[in-house]
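Please look over the model shown below before reading the notes that follow, which are grouped by topic.

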Amino acid sequence: MPPASAGPSAPVVPVGRPAPLLIESSVVEGLPAEGAVLLRMSGSLDTEGAQAWSAQLRGHLEQADLAGLRPVLDMAHVQLGGAAVLRALSETTRARSGRPDLVIVRARPGLREAVHLARLDGVRLYATLDDALRELARAATRGADLPAWRSQISDPLRPSYEDLRKEVRALRARVRSAPVIGMAQGVVMVRYGLPDPAVAFRVLREVSQRFNVPLRVLVSAVVVARPPDGAAWFPGRRPLPVPPLRILAREGRDPRYRRQMIDAVLHEALAAGRACAGYVRCVDPAVNALVLESDHGCADTFLDHLVRGWDEGLPDLVARLLGRRVSVPDVAADTLLSEESRRVLLGTGTRAVDSVPVLSRSGSCTGVITLHWPEAGHRPTDDQSQALALLASDTAAWLSWYHRSVLLDALEELHRELTGLAAGPEGARGPRRS
């Protein structure tokens with residue numbers, strides 16, 4: 001995500017007064033008809049600072065409008081001053097009459113609910129930046145004449161208990177991945193002599209965004225890959241052609257984009273098995289565990305069960321351990337399931353489950369595709385089973401290529417950047433051999 005030109009400077013704060021919110025801007029590319037400028041906000045805002053912050057925000061928005069960019073406010077780190085923030089947002093949106101809506105992402109639940117109750121015209125709330133960009137992209141491609149303003153009360157993504165559950169689930173997933181991120185930060189700090197973990201995290205995040213590799217996947221690779229021993233991390237490596245894919249190779253799918261491909265795996269599995277719900281989990285080598293990557297139609301309580309790591313006795317875990325397909329045609333009666341897993345599945349209306357492992361050429365399991373049905377006694381037909389087996393084979397071939405090409409490309413770039421930092425003024429020492 002390349003940085004944009006610097007916005008208006010932050011106001012000078014008198015001694016003894018809480019620092020107002022600081023705003024950092026960067027351009028987000030990738031929308032089909034327009035770009036977006038992301039305004040990251042951090043700090044505290046009291047009543048006295050609301051006017052200064054509102055003026056600072058308007059300066060950034062004017063620059064965005066002149067550049068033809070859609071403004072997106074990241075408010076994940078806004079502290080205190082709910083009423084002050086609402087007043088500043090209200091003043092800002094009134095001044096923007098006739099301009100595109102103000103998009104806010106990652107606002108804390110209390111602030112989101114306050115914005116919703118205040119019914120601020122011209123403000124749209126999204127849980128994440130990805131959600132906002134997807135919606136903006138859909139609106140741009142539809143080409144419909146949308147109203148300049150949209151009441152918050154009519155926004156289908158307004159704060160709700162479902163939104164909060166998703167936020168909690170995402171937080172739990174991040175908590176589980178935090179130790180691996182910490183390990184990767186420690187590895188690169190020691191290896192390249194970096195001054196502090198913030199520098200290590202910044203480079204990891206930037207490379208993750210540049211190569212569109214999820215941060216969790218990148219840091220896991222840093223932890224488990226053999227250390228570099230020279231200018232190139234993987235010397236002599238040649239570009240690999242994309243393997244022939246029989247089911248996943250549909251028009252418009254880019255094999256370099258992990259999320260798109262994992263979502264495609266689930267889409268094809270649901271269609272092949274005529275299932276109303278399912279999910280895909282891949283093995284994270286750093287923690288040697290299955291990690292949820294895509295889901296559809298699964299109840300929140302079941303997804304919470306997965307994210308918490310309470311998957312003992314689930315068919316997909318058994319399929320991974322055995323390296324073969326596991327079918328549970330009757331959840332209520334099958335002895336394979338643990339009592340806790342049975343209770344959760346039955347409580348969410350699932351009566352039959354089928355899990356297909358994704359096996360590499362060496363026979364190791366790299367992921368599992370799982371489908372749910374509401375009818376007890378359901379078993380995939382022979383044709384459906386063959387289609388799911390072919391899909392698992394496609395997925396294994398793509399994952400192998402992705403790990404040996406896209407992910408290694410990202411690691412090579414990470415090595416180059418960190419080596420440059422180690423040789424520059426910020427690095428205390430040159431890169432070490434681990």
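Why does Glu268 count as buried? Glu268 counts as buried because its relative accessibility is 9%, where buried means under 20% relative accessible area, exposed over 50% and partly exposed in between, with a 1.4 Å probe and protein chains only. This is a predicted model, in which local features need pLDDT of at least 70 and side-chain atom pairs count only at pLDDT 80 or more, while totals for chains, interfaces and linings use all residues. Residues are numbered from 1 along each chain as its sequence is written, and side-chain values use heavy atoms, with hydrogens and water left out.

**Surroundings of Glu268**
- Glu268 lies in helix 8 (residues 258-273), helices (H or I, at least four residues) and strands (E, at least two) being DSSP runs numbered from the N terminus.
- Not counting residues up to four places away in sequence, Glu268 touches Ile247, Leu248, Arg250, Arg253 and Leu391, contact meaning heavy atoms within 4.5 Å.

**Strand 10 and its partners**
- Eight of the nine residues of strand 10 (residues 365-373) are buried.
- Strand 10 pairs in the antiparallel sense with strand 6 (residues 277-284) over six bridges and with strand 9 (residues 352-359) over eight bridges, pairing requiring that DSSP finds at least two bridges between two strands.
- Arg281 stands opposite Val368 in strand 10, and Val358 has Gly367 of strand 10 as its bridge partner.

**Helix 10**
- Helix 10 (residues 315-322) is largely enclosed by the rest of the structure, because six of its eight residues are buried.
- These buried residues pack against strand 6, strand 7 (289-296), strand 8 (326-328), strand 9 and strand 10.
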